Amino acid sequence: MTRGRADGAQKKRLLTSLCIVAVFLVFLYVYFGSKNSGESALEYGSRSLRKLGGSYLAGEEDSDIGGKQDESSVKLALDEGEDGITPKSFPVCDDRHSELIPCLDRNLIYQMRLKLDLSVMEHYERHCPPPERRFNCLIPPPPGYKIPIKWPKSRDESWKANIPHTHLAHEKSDQNWMVVRGDKIHFPGGGTHFHYGADKYIASIANMLNFPNDILNNEGRLRTVFDVGCGVASFGGYLLSSDIIAMSLAPNDVHQNQIQFALERGIPAYLGVLGTKRLPYPSRSFELAHCSRCRIDWLQRDGILLLELDRLLRPGGYFAYSSPEAYAQDEEDLRIWKEMSALVERMCWRIAAKKNQTVIWQKPLTNDCYLEREPGTQPPLCRSDDDPDAVWGVLMETCITPYSEHDHKTRGSGLAPWPARLTTPPPRLADFGYSNEIFEKDMELWSRRVDNYWSLLSPKISSDTIRNVMDMKAHLGSFAAALKDKDVWVMNVVPEDGPKTLKIVYDRGLIGSVHSWCEAYSTYPRTYDLLHAWTVFSDIEKKGCSGEDLLLEMDRILRPTGFAIIRDRQSVIEFVKKHLAALHWEAITAVDSNSEDGDEAVLVIQKKLWLTSESFRGTD
């Protein structure tokens, strides 16, 4: 009898336990099932973060904050502090999202059923997720990820594991874009039109234009280049040795990783497309635009894409066009060539040179030709109230942007040759009411600040540690100018709602883009070694945007072991410090505000190297 009662009690306890487990499982199903697919995907990739050698995959420092890392990392563990709720850890995105670009995510387009015109490339333009569809998680590196090869060696090779996409090597095998050898991808410097090397092709363009010594920079007068449909950016990579910096542009299309390869190599590049909206660059920014077999229909929509190039070119700027239409004799190519020649003639471009498979057109130096055209000539001049420097979300126009009175009278931009251009006050300063003295004081201020930054970084870096740099609020570009003696390049970002000073940045021989930091930037994850955020958090706070979202975006952009320098109010610095453990960032140093910098303090952090259990297996 005793045994029967014991068995009955045991069965009762078992049934009770099963009921509890069943209720718990139903709760989990209801809770996680109610989340969108992006959130439910987070758990898979975040199951465990592990530590690799002396670098962090989940730091020992974090262990006393959230218990076991593999448990705390799968959910937002919240801790109530004096100033609100601070997460102990952020979830880690599913490994499938290791290359997520939130505003260029084709899955988002499908999920939101956006009605886009594919014929005009709308699906390759920016479409950002609403707040409820943001992933809000840390982007994991791919399996086997390694710290990128250092510049200048990186121009010619990268780790295959970092961008595990070799289809371009096979598809473009006859054009020398890239070659896979063992655990590396090599870049011989070829392109669709220049199989035998970008260096020879660049010299041939300089020769066609009769530039001294066949050097394309034309003794410093040609500095900024726009390469559209750039492939893996070998053209831009080989221009750097001639003191020319190119903005290499390509969409996230069937060759979807070409910009990722460019940035991995340490070559300036940007994800974008000539579609329906103006590119995020000001008017009169480039001395040369280049298209080598870029597969763009320049005649579509009354030449609107060619007119966008015209907006971007400086007075007397060139468009180098290498394509079958420039030389082929079949009926279709001849038709395109005839129509394109007629269009550019009405735009007042002239042929500067034509040889073999390349034609180079030149834009006029003044407004004279525009004013001499017959009434009703198409395309028309843009309206007098059109702002050619308004670019953020602004549709392209089928019109010609005339020059300012200054440029018309001076027959050009009036810019000094490079490198004097970097430190010479440009004429367009007057558009903002800035004096030469203001310009020079800004240079002095940022030169001193950059020296201080490098002193703070010096225990952690050597001469080749940093290559790709982003100044998240560039103003006049003086932060980038102060780095002139470092072997780096800087993407200068100017806010979309502030003074349109990006044209000053370009007039100094630098490059950059307009952007709103309430949204994700148009780049791949893990593409920058150093981010500089000067009052960026304070700025987005005024717009009602999320500081946590910005931290996650900075983490997405930043390479493992990369650095961020945050200069802002002391309260912002404290806010960032509270999130260091959740982001797996390490504070290198902090400098409190002083009288010289007003209420601005400085925090320098380093992103730790961490891998998920899945990506860790790739290192074995």
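Trainee: Buried means under 20% relative accessible area, exposed means over 50%, and partly exposed is in between (1.4 Å probe, protein chains only). What kind of model is this?

Mentor: This is a predicted model, where local features need pLDDT of at least 70 and side-chain atom pairs count only at pLDDT 80 or more, while totals for chains, interfaces and linings use all residues. Residues are numbered from 1 along each chain as its sequence is written, and side-chain values use heavy atoms, with hydrogens and water left out.

Trainee: Disulfides, then. How many does the structure hold?

Mentor: Six. A disulfide here is a pair of cysteine sulfur atoms within 2.5 Å. With bonded cysteines counted along the chain, the pattern is 1-4, 2-3, 5-6, 7-8, 9-10, 11-12.

Trainee: What does cysteine 291 bond to?

Mentor: Cysteine 294, with the sulfur atoms 1.9 Å apart. The S-S torsion of cysteine 291 and cysteine 294 is about -85°, so this disulfide is left-handed.

Trainee: Are those two cysteines buried or exposed?

Mentor: Cysteine 291 is buried at 1% relative accessibility. Cysteine 294 is buried too, at 10%.

Trainee: And where does the pair of cysteine 348 and cysteine 369 sit?

Mentor: In distant parts of the chain, 21 residues apart. Cysteine 348 is in the loop between helix H12 (331-346) and strand S12 (350-355), and cysteine 369 is in helix H13 (residues 368-372). Helices (H or I, at least four residues) and strands (E, at least two) are DSSP runs, numbered from the N terminus. The two sulfur atoms are 2.1 Å apart.

Trainee: Which hand does the disulfide of cysteine 348 and cysteine 369 have?

Mentor: Left-handed, because its S-S torsion is about -85°. Cysteine 348 is buried at 8%, whereas cysteine 369 is partly exposed at 30%.

Trainee: What about the disulfide of cysteine 518 and cysteine 545? Left-handed or right-handed?

Mentor: Right-handed, because the torsion is about 95°. The sulfur atoms are 1.9 Å apart. Cysteine 518 is in the loop between S16 and S17, and cysteine 545 is in the loop between helix H18 (536-542) and H19, so the pair ties together parts that are 27 residues apart in sequence. Cysteine 518 is buried at 18%. Cysteine 545 is partly exposed at 25%.

Trainee: You named S16 and S17. Which sheet has them?

Mentor: An open sheet of seven strands, in the order S16-S15-S14-S17-S18-S20-S19, with mixed pairing. Two strands pair if DSSP finds at least two bridges between them.

Trainee: Which strands stand at its edges?

Mentor: S16 (511-515) and S19 (585-591). Each has a single partner strand, so one side of each is left without a neighbour in the sheet. Neighbouring strands of the sheet are turned by 20° against each other on average, direction ignored. Axes are lines fitted to C-alpha atoms, for helices over the stretch in contact, and angles run from 0 to 180 degrees between N-to-C directions.

Trainee: In what sense do S18 and S20 pair?

Mentor: Antiparallel, over seven bridges. S18 covers residues 558-569 and S20 covers residues 600-607. Isoleucine 566 stands opposite leucine 603 in S20.

Trainee: Which strands does helix H20 touch?

Mentor: S18, S19 and S20. Contact means heavy atoms within 4.5 Å. H20 (residues 570-578) packs on the sheet at about 150° to S18. Helix H19 (residues 547-557) lies across S17 (528-534), S18, S19 and S20, at about 145° to S18.

Trainee: New topic. How many salt bridges are there?

Mentor: The count comes to 34. The rule is a side-chain nitrogen of Lys or Arg within 4 Å of a carboxyl oxygen of Asp or Glu.

Trainee: Which partner does glutamate 519 have?

Mentor: Arginine 126, with the closest N and O atoms 2.8 Å apart. Glutamate 519 is in the loop between S16 and S17, and arginine 126 is in the loop between helix H6 (106-112) and strand S4 (157-159), 393 residues apart. Glutamate 519 is partly exposed at 28%.

Trainee: And what does lysine 184 meet?

Mentor: Glutamate 157, at 3.0 Å, N to O. Glutamate 157 is buried at 9%, and lysine 184 is buried at 18%.

Trainee: Which residues are joined into one network by shared partners?

Mentor: Glu287, Arg314, Arg421, Arg428 and Asp507.
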